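Student: I would like to learn how to read a structure like this one. Where do we begin?
Tutor: With the model itself, and then one feature at a time.

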Protein chains: 2
Amino acid sequence: MRTKQVFLDNAATSKPKPAAVAKAIMHYLSQIGTSPGRGGYNLSLEAGRIVLETREIVRSLFNAPAAEQVIFTPNVTYALNIALQGLLETGDHVITTSMEHNSVIRPLRALEQSRDLEITIVPCNRQGCLDPAAVKKALRPNTKLLVFTHASNVSGTVLPLADLAAIAQEAGILTVVDSAQTAGVLPLDFQRHKLDVLAFTGHKSLYGPPGTGGLIVRQQVAAKMKPLIFGGTGSKSDHEYQPEFLPDKFEAGTTNTVGLAGLQAGIKFITDIGLEQIAAHEKYLTRLFIAGLAELPQIKLHGPAADGNRISTVSITIPGQDAGTLAYRLDVEYGIMVRSGLHCAPLAHKTLGTFPKGTLRFSFGYFNSEHDVLYALKALKNLLIKTAS
Amino acid sequence: MRTKQVFLDNAATSKPKPAAVAKAIMHYLSQIGTSPGRGGYNLSLEAGRIVLETREIVRSLFNAPAAEQVIFTPNVTYALNIALQGLLETGDHVITTSMEHNSVIRPLRALEQSRDLEITIVPCNRQGCLDPAAVKKALRPNTKLLVFTHASNVSGTVLPLADLAAIAQEAGILTVVDSAQTAGVLPLDFQRHKLDVLAFTGHKSLYGPPGTGGLIVRQQVAAKMKPLIFGGTGSKSDHEYQPEFLPDKFEAGTTNTVGLAGLQAGIKFITDIGLEQIAAHEKYLTRLFIAGLAELPQIKLHGPAADGNRISTVSITIPGQDAGTLAYRLDVEYGIMVRSGLHCAPLAHKTLGTFPKGTLRFSFGYFNSEHDVLYALKALKNLLIKTAS
């Protein structure tokens, strides 16, 4: 049994979490342990305070106008579903890209069937790059919304957020951004980019536990957006209808307070270290890795080069070799954890030319070291030698 | 600052949790920390194993046919929304009761508007008791579904589950049960009662953390039930449509694995001690409390007597006194945590005759002692003396 463990699957979830995250969770469980509820006893108010503080730190990180515009959901998929199902109506046209995760594609396909939605999927190139002009061309009179991932969870390609948001703004359509792969790594400014919805996950680069995530929504957009879930909110308890104000309109049922306490600690970790510092470290590791790959000519990189517009998620294939087998061998023989396959993003793989076999995906996080990268490169080299011999 | 803390708000969330719950959460965070994903590395499979084990222990607790019929959601409100929004169609008639929480009433009211649903709310009596014959009378040719809470979160009144399920069964309509207040305390047998959907919360009497809950669904019903959330499932990743099989059809996005590890430990605690043992202890405390209330003639009990069909949730009012003020004084002067107001159940309070002022609600859990009950009674007595003098 191997004891060495090198976790290179940070695009799936960040691991480890900063020590403060477990500490915050334990503090919540042992010292608070109550549910937030308006007008309740002191410990219940303290629970509410933690949720509010978490809302505020999320607001600040993304520069949203007000904390109440931060809606918590169990994950980014729920957040995207609330936005897409809540905003898109029968006959609407929606534009998206060929690099999307199924968290965008599947709700759109379902709405296409149930609400006669028209969908345009703007193709990206073989590196996953999107030409903003193509989005502009796709606009129609009934286009309601543009939804896109800030960066691909397969190739790490960053999409041109500022340009896309500007196009949407000019066209008078809504901009919904999936920041699952970038929140906490790339700067995201809700107000500067004039976004309408920014969906985020808590358990990736925000270092929170799974079960956390959410969306930030513009007030005027929130007023038109229908809730997906109805139920108790601790507010307007005399009403049999969902309240209309934020965040309660979109937050029914008991909140994952334990998870939010952890998320708050995770985001504090980012602000303490500095997002630029984290990004720089991940960029350094990514460059080192891609430079090392260049010395292994059998390996094919799918996505931008080291200096391209990319994050630390790197997909490769080795012609003639099964990605699943390679991932398995990296785990069993080297203790290296990476993810192979289609990564819940079939369209992205079609774009990259790696469908249906998929890729071998390495994704580096702040807690990875230069040593981890060199070790992964050595392991890949050994696997290639062993296979060749 | 008071140091004594007596938590009597277990109907909101159970506190404390068994020590094993925090331990399981810590183990997950420090030793596993990965996301489940099919065909992944060993630690990812281990994450999947924990989720599967939790599914199995939930299946076993409620005697569901198969683990895959257990769908996890972030709370019981989401579970009820999936069932109601997924099953009810335009023109359907639905029957519910006047003791429901807003987690049932608000989705029904929203569907009434969006899908022209017809709703019959069968009135319960002043103790919150429901006459099954009234439900039978409410049946119409277009009745699709009967949804009801197993026990009121306001008065603790238990509704006649077996009789109601039998009526629904005979009428050929679906039975959806909200077990938020009873799962882990009263026996619930999915197969024996021939239920169609059983919605549960993890963080109350199942002793899990907030952020956990779910539903159990009959296979044939699941086939007709539409998903509410669409997205990545780690399965059929080559498909742009939600998979049709269980549990994936209703579980999109990253699962709250940390929370589920805690929930598993919570349910193990129940099976180790025995549900009957837990129920007996809570019944004893409830009887003790209600007997003590009888000696304070100013206090009015809203709900069944000590020997009635009830759980440990006890609502009272004191004529001429504000429940919110009483709750505040119990907290500040005695360290006793209870909840006042409408408890997200306006209809239930209308039924009990306590709308719109609400009640003062005491709810006892397994970790409460005889001493806690006597202390609460003493505090109430003191408050009455102080107010009278």
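Tutor: One definition comes before anything else: helices and strands are DSSP runs, numbered from the N terminus. Keep in mind too that this is a predicted model.

Student: Then where does Pro356(A) lie, in terms of those elements?
Tutor: Pro356(A) sits in the loop between helix 11 (346-352) and strand 13 (359-363) of chain A. The peptide bond that joins Phe355(A) and Pro356(A) is cis, with omega about 0 degrees.

Student: What is the peptide bond from Phe355(B) to Pro356(B) like, cis or trans?
Tutor: That bond is cis, and its omega is near 0 degrees. Pro356(B) belongs to the loop between helix 11 (346-352) and strand 13 (359-363) of chain B.

Student: What is the value of phi at Tyr207(B)?
Tutor: Phi of Tyr207(B) is near 65 degrees, which is a positive value in a residue other than glycine. Tyr207(B) is placed in the loop between strand 7 (197-201) and strand 8 (213-217) of chain B.

Student: How do I judge the confidence of the prediction?
Tutor: Where pLDDT is low, the predicted coordinates should not be read in detail. For chain A the mean pLDDT is 96, and 99% of its residues reach 70 or more. The model as a whole scores ipTM 0.96 and pTM 0.97.

Student: Now the helix pairs. At what angle do helix 9 and helix 12 of chain A pack?
Tutor: Helix 9 (residues 275-294) and helix 12 (residues 370-388) of chain A pack at an angle of about 20 degrees, and their axes are 10 Å apart. Angles under 35 degrees count as roughly parallel, so helix 9 of chain A and helix 12 of chain A are roughly parallel to each other. Their crossing is right-handed.

Student: Which residues meet between helix 9 and helix 12 of chain A?
Tutor: From helix 9 of chain A come Leu285(A), Leu288(A), Phe289(A) and Gly292(A); from helix 12 of chain A come Glu370(A), Val373(A), Ala376(A) and Leu377(A). By class, the residues of this contact are 6 nonpolar, 1 polar and 1 charged.

Student: How far apart are the axes of helix 9 and helix 12 of chain B?
Tutor: In chain B the axes of helix 9 (residues 275-294) and helix 12 (residues 370-388) are 10 Å apart, with a packing angle of about 20 degrees. Helix 9 of chain B and helix 12 of chain B are therefore roughly parallel to each other, and they cross in a right-handed sense. Among the residues that meet are Leu285(B) in helix 9 of chain B and Glu370(B) in helix 12 of chain B.

Student: At roughly what angle do helix 3 and helix 4 of chain B cross?
Tutor: Their axes cross at roughly 35 degrees and come within 9 Å. The crossing of helix 3 of chain B and helix 4 of chain B is right-handed. In the contact, Val76(B), Thr77(B), Leu80(B), Asn81(B), Leu84(B) and Gln85(B) of helix 3 of chain B meet Ser103(B), Val104(B), Pro107(B), Leu108(B) and Leu111(B) of helix 4 of chain B. These residues divide into 7 nonpolar, 4 polar and no charged.

Student: Next, the contact between the chains. How many residues does the contact take from each chain?
Tutor: Chain B gives 67 residues and chain A gives 67 residues. On the side of chain B that touches chain A, the elements that give two or more residues include helix 1 (19-32), helix 2 (42-62) and helix 8 (257-273) of chain B. The largest share of that side, 7 residues, comes from helix 4 of chain B. By class, the side has 28 nonpolar, 31 polar and 8 charged residues.

Definitions and conventions: Residues are numbered from 1 along each chain as its sequence is written. Chains are lettered from A and ligands numbered from 1 in the order in which they are written. This is a predicted model: local features need pLDDT of at least 70, side-chain atom pairs count only at pLDDT 80 or more; totals for chains, interfaces and linings use all residues. Two residues are in contact if their C-beta atoms, placed from the backbone, lie within 7 Å. Helices (H or I, at least four residues) and strands (E, at least two) are DSSP runs, numbered from the N terminus. Ala, Val, Leu, Ile, Met, Phe, Trp, Tyr, Cys and Pro count as nonpolar, Asp, Glu, Lys and Arg as charged, and the others, Gly among them, as polar. Axes are lines fitted to C-alpha atoms, for helices over the stretch in contact, and angles run from 0 to 180 degrees between N-to-C directions. Angles under 35 degrees count as roughly parallel, over 145 as roughly antiparallel, 65 to 115 as roughly perpendicular and the rest as oblique. A crossing is left-handed if the near helix is turned anticlockwise from the far one by less than a right angle, and right-handed if clockwise. pLDDT is the predictor's confidence in each residue, from 0 to 100.
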